[in-house]
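This report describes selected local features of one protein structure. The sequence and the model are shown first.

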Amino acid sequence: MKKIIIYGALLFSIASCKKGFLDINENPNSSTSASPELVLPNALNVTAARQINQFTFINAWMGYWCQSGSYAISTTSINDTYQQTTGSGEGLWGNIYNNLEDYNYIEKQANAAGKPFYEAAAKIMKAYDCEQLIDMFGDVPYTEALQGVDNLRPKYDDAQTIYESLVTNINDAITLLQRADAIQTGGNTLVSGYVVTNASSSNNYWIQFANTLKLRLLMRQSNMPGRESYIQGEIANIIANGMDFIETDAGVNPGYINSAGKQNPFYGFNYNTSLGYTNDFWRANQYSIQFFEDNGDPRDRLLYSAQTGDPLAPPYQGNILGIPGLVSSKSSAFGPGVLRSVSQPAIILSAAESYFLQAEATIRGWLNSGADEKAQELYEKGVKASFNTLSAGDASAFLSSGDPDYDWTTATTFDKKLALIIRQKWAAMNMVTPFEAWCDYRRLGLPADMALSQSPYVDVRAIPVRILYPQSEYNTNAANVPDQSVQAHHTDKIFWMP
């Protein structure tokens, strides 16, 4: 079985790749097949690496990152001009479909070998990948995808129909995980926080992960007319399985070590094992710094490091997207809360997101009977979970401070409660899973004061609503790939967008 691991390390484009230490091509005996137990950790590692290393442009769009003032302003970069070509999403498209091929292989091999745990895990992770694919590109090949030479020109399926299929597949995966013979027999799969789940507890955690991923899929559709009954019915199915949602960060750690190509993906993106800190391109965005500093929130000191190059600037200093160096010639790099060690887990779905999803579902009346006190509890757990992920201490004082950016009691209407949840969800996704912040912004327009790029070269001064289909599809699957205008990344919304 020949596969290449693609770790996106985007600087000026989305496309980039290199081989990793779990590449199953490294077998010196040139094995043509591998067991699900061996392939799953590798596939999970590729998924985890994508969340930061290929979504760097989203970190820029959502006010988390900005390019260093040491670099010239780009006239065409997707990071700050928002401009796209059919080459912009090529690396992401290939990465996700390669990753899906791994999960598809695991699913088929596990089914044939009678290994329901691995079949279920593959189904869940295929849903994870497909959701991101749809949330970027819209309609994509699905029912005819992953067939190799048997179908080189797969049709494109309706995005909403695929979403419904993903929910069904998650339900099927949960049923498999509930079987007595669903046993994890290989190495690490998901890790719960910093704790590796053992074989006896991994099934329950995978079900909680599946429930949370399913809730994310459902909440994406929250603003769509006519979907309330469907969403409520599927949430009722989650409640019925009795396993609830994740309460600790769901991560991946196949055994990261301090060696080139074997580090935690985010750590490896920023550090060289022999030279030390090497990432001089990405720095703090002033939008994030300003939010945390204005509120006395300690998370900025963990997300970012103190800058030392400009004695006239504050210790925590960001740049303005599109015109780096405008505020200061120096700016903060990434901090100790996100760069703990080379062996830290790579988060793919955080506890904070889990709680914020539940809080939103509750204020909408779809969970917990819409009880306001339960919504407040879940919201506050989300903030505390974010603090915990970064080791930022106790968030309790912020939650009772009367500050409208933190204190639930200041939110007296549905709109204010929703804005508060999404504001803190945005804060929690910083350098964890930034993709979710972009989806919330497109779905809800929140945070409402999101800073836009100030580059003089923006095509439209608005955060793009999608990624353009890659040129490879127009070259090889022209009869099926949808036509898009040159401005489609600003005009052609994903199906769940209002």
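Predicted model: local features only at pLDDT ≥ 70, side-chain atom pairs only at ≥ 80, totals over all residues.

**Helices α5 and α6**

Two packed helices are described by the angle between their axes and the distance between the axes. For helix α5 (residues 116–137) and helix α6 (residues 159–177), the axes come within 8 Å and cross at roughly 160°. Angles over 145 degrees count as roughly antiparallel, and α5 and α6 are therefore roughly antiparallel to each other. The crossing of α5 past α6 is left-handed.

On the α5 side, the residues that meet α6 are Pro116, Phe117, Glu119, Ala120, Lys123, Ile124, Ala127, Cys130, Glu131, Ile134 and Asp135. Their partners in α6 are Ala159, Ile162, Tyr163, Leu166, Asn169, Ile170, Ala173, Leu176 and Leu177. Sorted by class, this contact of α5 with α6 holds 15 nonpolar, one polar and four charged residues.

The side chain of Arg442 reaches the backbone oxygen of Asp135 at 2.7 Å. Arg442 lies in helix α16 (residues 434–444) and counts as buried because its relative accessibility is 6%.

Gln232 belongs to helix α8 (residues 228–241). With a relative accessibility of 34%, Gln232 counts as partly exposed. When neighbours within four places in sequence are left aside, Gln232 is in contact with Gly365 and Trp366.

The table gives a C-alpha distance for each of these two residues.

| Residue pair | Separation in sequence | C-alpha to C-alpha distance |
|---|---|---|
| Arg442 and Lys493 | 51 residues | 8.7 Å |
| Gln232 and Leu218 | 14 residues | 8.9 Å |

**Helix α10**

Which residues of helix α10 (residues 286–294) are buried? They are Gln286, Tyr287, Ser288, Ile289, Phe291 and Phe292. The elements that cover these buried residues include β9 (282–284), α11 (300–303) and α15 (414–429).

Both ends of α10 have a local feature to note. At the start of α10, a side-chain oxygen of Asn285 comes to within 2.9 Å of the backbone nitrogen of Tyr287, and Tyr287 is itself among the buried residues. Just after α10, the phi of Gly296 is positive, at about 65°.

Methods: Residues numbered from 1 in each chain as written. Heavy atoms only, no water. Helix = DSSP H or I, 4+ residues; strand = E, 2+ residues; numbered from the N terminus. Buried < 20%, exposed > 50% of the residue type's maximum accessible area, 1.4 Å probe, protein only. Polar contact = N/O pair within 3.5 Å; in protein donor to acceptor, adjacent residues only side chain to side chain. Axes fitted to C-alpha atoms, helices over the stretch in contact; angles between N-to-C directions. Parallel < 35°, antiparallel > 145°, perpendicular 65-115°, else oblique. Left-handed = near helix turned anticlockwise from the far one by under 90°. Contact = heavy atoms within 4.5 Å. Nonpolar A, V, L, I, M, F, W, Y, C, P; charged D, E, K, R; others polar.
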